[in-house]
Structure formats: structure tokens, C-alpha cells
Amino acid sequence: MLTIQDLHVFHGPIEAVHGISLNVERGKCISLLGPNGAGKTSTISAITGIARATGSMRFEEREISGDSVEARIASGIAVSPEGRRIFSNLTILENLTLGAALQKDQAEKGRDIDHWFSLFPILAERRDQAAGTLSGGEQQMLAIARALMARPKILLLDEPSLGLAPKIVRQIFDLIGTLKDRGMTILLVEQNATQALKLADYAYLMSSGRIVAHGTADELGKSDKLMAELTGVA
Amino acid sequence: MEYVIQQVLNALSFGAEYALLALGLAIVFSIMGLVNFAHGEIIAVGGYTMVAFASLAIGNPVIVMGGAIIAAMLASLTLERVAFRPVRKADPTTGLLTAFGVSIVLQNVFLMFVSPRPIAVTSLYFLDWPIEIAGIRLASLQVFETLTTIVVIVALMLFLRRTVLGLAVRAASLDFEMVRLTGIKANRVFAMAFLISGLLAGLACIFIMARRGSVDPHLGFDPVLKAFVACVVGGFGSLPGAVLGGFLLGAVEVAMLVMLPQSLGGMTDAFVFMIVAMILIWRPDGILSPAIEKGDKL
Amino acid sequence: MIRLSQSQRSGLVGAALLAAVLVVIGLATLYFGSRYQIRLVYSAYVNLIVVLGLQVFMGNARITNLSHSAFMGIGAYAAALCVTPENIKKISLPAAPWGLADFSLDPVISAAIAIAITAVLALLLGLFIVRLTSIGATIVTLAVLVIVHAVFLYRTDIFKGNQAFFGIPQVFDLSWVVGIAILAVVVCRLFRESRWGIQLRASADDEVGAAAMGVEIYRLRLIAWVLGAVILAVAGICYAYFLGTISARPFYFNHVFLTLAMLILGGMRTVTGAVLGTFLISFGLEGVRYLETGPVLLGIELPEALGLSGIALGAVIVLTMALRPTGIMGNREIETLFVRKTF
């Protein structure tokens, strides 16, 4: 569904990702692992078009690397970004409404909101509160729900467990599991390899802007490289 | 007592005008960090549009007022496209200086192609007549101005809360990139902010012209200077702050006019600015400033 | 003997190069220029000193200042009030309070007093301004400009408002202002390359980071602010001592924008940029003013075009900001164009 080939990503003059290739199949959960600064978030930014990049990106058999950010979102890519980036000055309901900004049908939009509220009861309870008042875990849920409001074909999740307590992390991963079971295509960027590999069908390991290993979750879980990269112990 | 009520009403109508202008500045600032000093020239565009109608012998007030508002909105939109798009991502100082440059260019365009001298516009005099309610004398214009501002604030609030584009404008003040990531076109958000800003300038233009009855290249400079100050006092980028700052400034100005002895009349502006400076020293980011983080965002 | 750092030594080289340019332009005008041209070049040098005074604060602290013309005015009026002979003041300022019309001092003492007054005022204001964030600080400087102008206009018994304050002894000629401009260039360069200047520029790039490194931002900003005000006062004095008459009008928005455009075009981060921008705009505008009068060029009679110089000035600002926000020079000083970097 999403095929990336020889992707280089730049931040100003600095090249953060040096030619990676990866493939996300429809209905699968693909995980992109690696330590801080490996280039995972840069890769996500390149897919959404925020970061400058060269190389080929094909989404549903169509080259998207020349498209604007807005066009890519419109074609069915949604992201829950690193650091969540919810609109803290807007209410929860308003955040979700904005998530469905491209949905013209008001009734459909309302149904979607009800639908996701049923999955996230905690958000439903506080629908008219400013999103900034939510806890970290709740904000993460809101960020995911906001992305889902767009009815994406592929969901990009960037470090959904970052900075959350272990109990909350489990909740978030349960939720991602639920989404996967419902057939959502997911590209999951994580540092928390143990949790991510439990969910992922296939995983890529990044380090210093390159993919250093890839395989099924089982293969990669047994690999020495994973431990070495994530802990720094060879 | 009547005197007090009269002065309060004066303060309200002064404040209403500043609030209208300050809102126009704040909505643009909130999404792109641009201090739009060329706002005053948008007002002047409205004024010169009235002159154009007058020279075509069109006196229909609906056409004159509507035309001025539409001209101001178009001018605002044009400035966004031509001058401010290249500095969209730049720091506030670059934007501020660009706006200064635009303001100077436009003032001199009026001076060169129209006239350096004031041109009388009489088509809006009908808006201003004296009225007396329960012994309180005031001008109809003041009432119109205050009411219009209230209507505008309510309408703006509805727009910002009830429409997707309105939500996007509010969200953009916090994180523009994330708004784009919801699929809303950045250019539409900018265009909408400048359109609203132009509309507010157009409305303010009607009241300024009705009161002054003439337009010159510097028509908008002084009012926008004050509105600028109102924005800062309220907290730059905050829309409620702009309204608050506008009315506060109106109150301070009327208080100065009332309290300063006649001999210090020429110093009103100096005192107003001094009080504003003191408010800023008390609260450096303005009274209702949105939270600003200096460090990196998580 | 003051020990200079490596960067200050290269700064002096740059200052010497700029000084050579200033001397050449000055001498050429002095020997070949008409009276009108001398006047024109003199005002360019005065504006250069203003732009340098502006650069010290704006270029190093990166906070837009709009009050610089007001400080120039304070310096000019203070010196004028001290130096103008009593008999003239008795005529021009018959209602002057506090015995202002009852004394006169020699030009050097008057200048010293004017600089001291400006510096003290700047210090008092600076204590507040340096604590504000960028837009807030800019607004307060705007307020200062408006307030000072209102005082000049309102206290006609002291400043004569928009009327001419006349009778100031014309003690300066072009060679004086060239010398003072060179001095200002040296001071600005030494400050820019000093530890204070370097720390201030670092804190403008990254306020939190610099503060974490122990940089006392407020104190450094204050130093730059007061130093800038002193240079501006000197510019005002040069202005008054050459023309012999001053009024409030030249110390307001038009002059603020003119000098701001000069600094922006050349590049506010460098002293070289300040010099380059000042001369480009001073001489460029003179050309545009010629066009404004509707001259006959190549046999074609051009229409009179009042406002053309204003349009040109605004366009320079807008285009610089759009195409090259750091100005022509960017971060480069003049010596880096000649000398290869050695570190």
C-alpha cells in the first residue's frame, strides 16, 4: 500500500535519513524501531510531506512525493504525531471535528464522533473541556482519535507511548491492537520495541538514518542487533 | 451622573473602534506572528474607494459602504498574496519590518496617484446625528459603532467556534503545521484570516470616515498605531485580549481627555502611551497573553 | 593598555577598512563637491551615525527599536539648549522655564551634557525595555517615540515644536562628522566583537540556551541599549551643530523608517551592513528624488512623481525582507571578504 524506496530526508542542510526503503502492506501493522535520533520521526515527516525529502514514495500505486501536505492527507494518510500535538486551546469535540476537516457530510461526521467516543469513553465524558486539561495518556488517545476521524487508509503513529506511565502504555497498545484487528493499516514508530513487536506483523530497525535490520516480529525479536541498537550494548 | 454616563459611552465608542482594529491585527498575528502595520492602509483603501464612488456620483449608502468593505477585504487578501506570503515562515521582526515597508509603499502610492491632501467625502454624514436619551447627549455614530462592534464580536465568536475553518484559525495560532496535517489547506486559513482582518478594517473605515469626513494617505496610521498598542496590552495574538485591550485603551483615552487640564490637551497621546508602557512593564506579555514557550516544544 | 581579543583585532581591521571608505568619500566631497553635495553627504554621515547607534542594540540584541530618532532628538535639543547664545534664546524662547534661556555653554561641554542626559534617560527606560519580549519591547520603544515627540511639540516654550529652534552655533563641518562617524564605526565594531557583544548575539539566537550558559541577557541588552543611545545623541549633536536650526519633525516616523530601511538593507547584524545600507539608500534616494521632480531624460519629459522616493524606500524594505532577510551583508563583516577565515 505504501512503498518507500531510497528515501533521503533533510532538515535544512543536514541529511537525517540516508536512503531507506520500506513497504507497508494493506491491513498490516508495520513497526519502525530504533533509538533516539535514528531518523524515525524524520521518515514520518517525509511521508506527510512536512520534511524535505528525495526518493520515491508510492501510496496506493501512485507516486506522492511531489504532492503537498494537504494533498497527501486528502489521499488517505493520517498521522498522530510525536508529542501528540493536540490543539490544547480547543475542546475535545473541536479537536475531533478538525480531524474530520475534509469530511463534508455533517451526519457522517457526527456518526464518526459518536463511534470514536464509544471507543474512548473518557474523551466522551469531557467532550467540552479544553484538550489541554487532559492527562498525557488521554491526550494521546485524543491524538489517535483525531487522526482516525479522517477515515484514513493508513494511520501513522509516531511514538504513541512516549512519556507515558507503563499502565497507560499498555492501554495505548491495546487500543492499537484493536485498530489492527479492525483491519486498519498502521505504520507504528516506537522506541518501546517489546510492546511494538507484540503487535507488529513486520518490523524495520533504524539507526543513524539507515535501516540496519528488518524481518518479521519473531525474527527481529531474536536478533542481537535489536538489543544492541536499543541498549547500546553489543 | 449624566456626565459620567456620557463619558462611559464615549469610552465605549472609542474602545469599540480600537477593538475592531485590534481584532483585525490580532487574528492575523495569532496565525502567523505578523504584526500587520499595513492595516492602516487597508482602511485608507476603503476611504479612497468612497472617493471613487463619489466621483462617479454614486451616493447610495449601501453601495458606498459595501464597496468600501469589499475593497478593504480585497486589498487585505492581495497584501497577503503579494507581500506577506514570502515572509510567512519568518520571525516576527521580519514580518513587522515587511509590514512597515508595505505601509510606506501604500501611503506613497496614495500620495502619488491620488493626492497628498485630504479629500472630502460627504456621503456618510447621514450616519451622524445628535440624539438625546434621558438627558444624555450622544452621537448616533457612537451608538452604531458600539453596536457594530458587539455584533462583530458575536459573529466572529460563532465563526471561530462553529465552522471548521474557524476552528482551524484558532488551532493554527497554536500549531499551524498540525492544522495542515488534518488536511486543511494552509493558504485557505491564511486567506480567511486576512479576509476577516480586511472586513474589520472596512467596518472601522466606515466609522472613521463618517467622523472625519475626509481621507488622506495617512488616514489609517494613527488609529492602527493605537490598535496595535491595544493588542499588545491585551496580549498579542489573543482575540479576547484584543477586545479587552481596545476597550481599555478607549477608557484610558477618555479618562485622559476628561481628567487632564485643558493646558495639557496636546499631551493626551503621550499620557495614553505612557500608561500603556506601564501596563506592559507590569505584564510584559500583555494582560491575556497566550502561553509562549521559549524552549523547544516536546 | 587594553588587551584586545582575536575577534576584536580582526574587528579593528574591518573598522580600518570602513574608515578608509568613509575618508575617501568625505575627502572627495570636500574637494570636488558643491555646497549642496556637501550638505547631502553630511546628512548621510549623520544618518550613518544614527544607523550605527541603531545597530548596536538592534543588531546584537535583535530587538526592533523604533525610538532611535527620539534619542537623536533628545541629544540634539539638549545640546542646542546649552550651546545657543543667551541673546538668541531670549528672543526665540522668551517663556523658557527654569532659567533655560539665561545661560550658554561652549560646544564641547554642551555636547557632554547632552550625551549625559540622553544616557541617563536611556538607562532609566532601558531598565524596563530590556526585560520585555521582542514585540513588547518594540511597542514600548514605539511609545517612547510618540511620547518624546509629543513633548517636543507640546513644550513649545522649550523646544519650539514644529517651528525652527534657531541660532545654534554651526561649529561642525564635514571633516568633523567624518571623524566622528569613523569613531562610531570603531566603537560599534569593538562592541560587537567584545565578550559582551558575542554573548548578546548568542543569546539572541538562543535565549534559553545562552541563559543556561550563565549569560546575563538583561544586563548585556542594557549595555547595548545605553551605548546605542549615546551614539544616537552624538548623531543628534552633529545634526544640530552643522545645520544651526532644528525642529521636532525630523525626529519622528519618517526618519525612523528611513534609518531602519538603511540598516535592514545593509544587514543589521553587521557594522559593515550599517555603513553599506546607509550609503546605498542615501545616494539611491537622491537619484529617486531627482526623478520625482519630473526631469527630462533622453529627450523624454517625465511627469512629476511626488511619493516616488517613499515608494522606493518601502519597496527596498519589503524586497529585502522577502529575498534576503539578513540584508546584503548577512553575517559577514567587511574583512571576511578579503581575509580567509583563519580558525
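Let me begin with the place where the two chains meet, to which chain A gives 21 residues and chain B gives 17 residues; please keep in mind throughout that this is a predicted model. On the side of chain A that touches chain B, two helices, α2 (69-74) and α3 (92-99) of chain A, supply at least two residues each.

Staying with chain B for a moment, I would like to turn to its helix α2, which covers residues 39-55 and so has 17 residues. From its first C-alpha to its last, α2(B) reaches 25 Å, which is close to the 24 Å expected at 1.5 Å a residue. Is this helix mostly covered or mostly open? It is mostly covered, with 13 of the 17 residues of α2(B) counted as buried. Just after α2(B) comes B:Ala57, which takes a positive phi of about 60 degrees.

Now to the sheet in chain A, where six strands, in the order β6-β7-β8-β3-β9-β10, form an open sheet with mixed pairing. Its edges are β6 (77-80) and β10 (210-216) of chain A, each of which pairs on one side only. On average, and with direction ignored, neighbouring strands of this sheet are turned by 15 degrees against each other.

At the β10(A) end, the pairing with strand β9 (residues 202-207) of chain A is antiparallel and runs over six bridges, and here A:Tyr202 stands opposite A:Thr216 in β10(A).

Terms used:
Residues numbered from 1 in each chain as written. Chains lettered and ligands numbered in written order. Predicted model: local features only at pLDDT ≥ 70, side-chain atom pairs only at ≥ 80, totals over all residues. Contact = placed C-beta atoms within 7 Å. Helix = DSSP H or I, 4+ residues; strand = E, 2+ residues; numbered from the N terminus. Expected span 1.5 Å × (residues − 1). Buried ≥ 20, exposed ≤ 12 C-beta atoms within 10 Å, placed from the backbone. Pairing = 2+ DSSP bridges. Axes fitted to C-alpha atoms, helices over the stretch in contact; angles between N-to-C directions.
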